[in-house]
Amino acid sequence: MIVVSIAGLTKTFPKGNVTALQEIDLQIEPGEFVSLIGPSGCGKSTMLRLIGDLTPPSSGTVEVNGKSAHQARLDHDYGMVFQDSVLFDWRTVAKNIALPLEMLGWARAKRKQRVDEMLNLVELLGFGDHHPWQLSGGMQMRVAIARALSFEPALLLMDEPFGALDEMTRERLNIELLEIWRRMSSTIVFVTHSISEAVFLSTRVVVMSPRPGRIAGTVDIDLPQPRSADTREDPRFFEKVTEVRELLRGVGADEHGSVLAEETA
Amino acid sequence: MTLTALRTRLVEWVPAILVFFAGIAIWQLSIDIFNIQKFLLPKPWAIVSAFWTQRSTLWSAGWLTLKEAAGGFALGSAAGILIAAVLARFRRLGEALMPIAIAANAVPIIAFSPIFNAWFDPLSSKPRMATAAVLCFFPVMVNTLRGLTSVRPSQVELMRSYAAGELQIFRRVRIPTALPFVFSALKVATVLAMIGAIVADYFGTFGSLGITIKNSVSLFDFETAWAAILMASILGVLMYVAVSLVERIVLQWDPTRQERGTA
């Protein structure tokens, strides 16, 4: 079964008459790790929000697990991780992770057990009683990931989750995320600005072009699994990075700087 | 609290206490030095002794006024929070009414106090409570509404990704976000309630603090007037402290409080 099926998807914003996405077709299969990459304004975040039914399409269809995106949202079919961790200050770390479980009506004992499992998974055991502001940015992001995974959604939507973190934290969380993905055999759709992050994490990279947002091409990343720090030094890794970069150059990403500048730095 | 923490805390208070007693001493001395008449300013010691000798009258007057202030505070704040909740739910209505509310807030409501005497039974404490309530209502309403609507869009999106409806979002996100706003408004409201009750007392509440102040002044008994003001201040501070204590318990999670070291 296809996890995400997008057909003829167009999204326009009436304000300023912007076409964020035009005629997008994309299918994502179970167990895939798909990254969406492209310069600012290519609509990659909008696409994620459309899959999550957080904004309605102007035309075309989005199906998740064979049903409408709306129904999938009501059925708790996906977990979402945002750019900023979006934790609630008035809840402890444990209660933040338990939030979706509360909404699903889980019993207290069952919630507690799952929260402990999640704290263990993201290596935050002993931090359950802390409040979010007492943690570093990287730890806060791990709490957000634990929260998204707590109810074991088969699909994880991640919108530049590591964008605000320093390079070292980001690389460590990349490896942790891959481990979680493998262990839970989930499907991940991942938005990023970073070519190397996209290549390192993904089984497929979707390169998007801006104004209007379109799919410029896809690159299959068949680097061996499981990936590790060594993967980043593999010559095939650089080949894939170059391939993605060439596609991005074709869509005029270097004019906008952000994507390429970050990589050459 | 450990002993050292307690000691640090006490040391922090020392300057304030010194300034307080220095101020009292300067007050007492300058009355002798500059030969200030007692109708202008009685000696602090005379005020304290008047407070002590008339403690039973002052206490019963204070109790009456405190009931008016606290009743008005409870009514006005509850109404303010409720109306804010309704306006937050029906945003259009809120946007339409907000300019009117802000304009109404600028009206010197205390001026209506004699009119409330005509509206309600002037012998009961209702007109005084009404004055205090109306004074409390606007700041509480405006601040609560601001709190309920200052939720970050990403927090609402997160809740929607969990299929949460408006009611769930209200309960789990809007209310906790609004609480710090509500409490800072409630603290202001305690002060306003006391002002409202006392000024309304001036228009005739037998045995109240306001009337005690007014009558003592007309009898040239300035020590008693000042003692009544002292009583009013103590009661006002008590109300403020009571709300602050509740705030401290409810808002233990608030990081801005932690940084100030007040939690």
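How many bridges join strand β3 of chain A to β8(A)? There are five, and the two strands run parallel. Keep in mind that this is a predicted model.

So much for the opening; let's stay with β8(A) for a while. This strand covers residues 187-192 of chain A, and six of its six residues are buried, which leaves the strand mostly covered. Its residues also point in two directions. Thr187(A), Val189(A) and Val191(A) go one way, while Ile188(A), Phe190(A) and Thr192(A) go the other way.

| Partner strand | Bridges to β8(A) | Example of a bridge |
|---|---|---|
| β3(A), residues 33-37 | five, parallel | Phe33(A) with Ile188(A) |

Together with β7(A) and β8(A), helix α6 of chain A (residues 167-184) makes a right-handed β-α-β unit.

Now for the place where the chains meet. What does each chain bring to the contact? Chain A gives 16 residues and chain B gives 14 residues. On the side of chain A that touches chain B, the elements giving two or more residues are α2 (69-74) and α3 (93-103) of chain A. Sorted by kind, the residues on that side of chain A are 10 nonpolar, three polar and three charged.

Note on methods
Residues are numbered from 1 along each chain as its sequence is written. Chains are lettered from A and ligands numbered from 1 in the order in which they are written. This is a predicted model: local features need pLDDT of at least 70, side-chain atom pairs count only at pLDDT 80 or more; totals for chains, interfaces and linings use all residues. Two residues are in contact if their C-beta atoms, placed from the backbone, lie within 7 Å. Helices (H or I, at least four residues) and strands (E, at least two) are DSSP runs, numbered from the N terminus. Ala, Val, Leu, Ile, Met, Phe, Trp, Tyr, Cys and Pro count as nonpolar, Asp, Glu, Lys and Arg as charged, and the others, Gly among them, as polar. A residue is buried if 20 or more other C-beta atoms lie within 10 Å of its own, exposed if 12 or fewer, and partly exposed in between; C-beta atoms are placed from the backbone. Two strands pair if DSSP finds at least two bridges between them. A crossover is right-handed if, with the strands pointing away from the viewer, the path from the first strand over the helix to the second runs clockwise.
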